[in-house]
Amino acid sequence: GDFKNNDKVEETKEGLDFFGNEENAYHVLLIIHLTKSTVINGFTITGGNANGSDAIVYKKDTINKNLGGAMFSNYGIDINIAHCIFKKNNAFRGGAIYNKESSPIYSHCVFLKNKGSRGGAQYNSYNSKPKIRDCIFYNNVSTRVGGGLYNKGTNTDLNISNCIFYK
């Protein structure tokens with residue numbers, strides 16, 4: 001997401017401050033209507049900066065430019081995301097990931113130094129049912145609620161097993 005390779009993230013007493021990320025991609029990865037045959041394995045996704053005030057329209061789907069700095073998932077059903085690192089991403093909601101009506105399966109992933117006003121690492125909404133296994137959440141920050149994870153909406157379930165949340 002960092003086109004100029006000039007991002008800086010500083011830890012403060014209040015959390016994380018991001019500098020030099022004005023030109024970064026709103027979303028590094030968009031997942032729209034993908035199914036369980038989709039596998040994302042071994043990627044490091046960094047520098048996403050979902051700070052836009054408008055939206056992208058793809059077919060009939062609206063993707064707000066302030067949701068999910070690393071990844072925005074809309075109707076991503078049972079996609080497998082494994083051995084990935086999500087670090088230094090920023091968004092209004094879901095610093096690293098925003099799931100909407102999605103049920104991704106995360107395994108052996110690391111979420112490091114992501115920031116959002118709600119859901120520093122991940123925001124799950126509207127019928128999302130992510131499964132998170134054997135993952136590490138370290139130093140993710142929210143300015144309001146849910147430093148690591150935030151769930152909102154009806155029928156939104158979260159299944160977590162064997163994960164570490166630290167700082």
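My entries go from the whole chain to single residues.

**Ground rules.** I am working with a predicted model, where local features need pLDDT of at least 70 and side-chain atom pairs count only at pLDDT 80 or more, while totals for chains, interfaces and linings use all residues. Residues are numbered from 1 along each chain as its sequence is written, and side-chain values use heavy atoms, with hydrogens and water left out.

**Whole chain.** I found 23 strands and zero helices; these are DSSP runs numbered from the N terminus (strands E, at least two residues; helices H or I, at least four). Of the 167 residues, 48% are buried (under 20% relative accessible area; exposed is over 50%, partly exposed in between; 1.4 Å probe, protein chains only).

**Ser 102.** I looked next at the loop between β13 (97-100) and β14 (103-107), where Ser 102 sits. Ser 102 counts as buried because its relative accessibility is 0%. A polar atom of its side chain lies 3.0 Å from the backbone oxygen of Lys 100. Leaving out residues up to four places away in sequence, I listed what Ser 102 touches, including Ser 73, Tyr 75, Asn 127 and Pro 130 (contact: heavy atoms within 4.5 Å).

**Ile 164.** My last stop was strand β23 (residues 164-166), which holds Ile 164. Is Ile 164 buried, exposed or partly exposed? Ile 164 counts as partly exposed because its relative accessibility is 49%.

Methods:
Polar contact = N/O pair within 3.5 Å; in protein donor to acceptor, adjacent residues only side chain to side chain.
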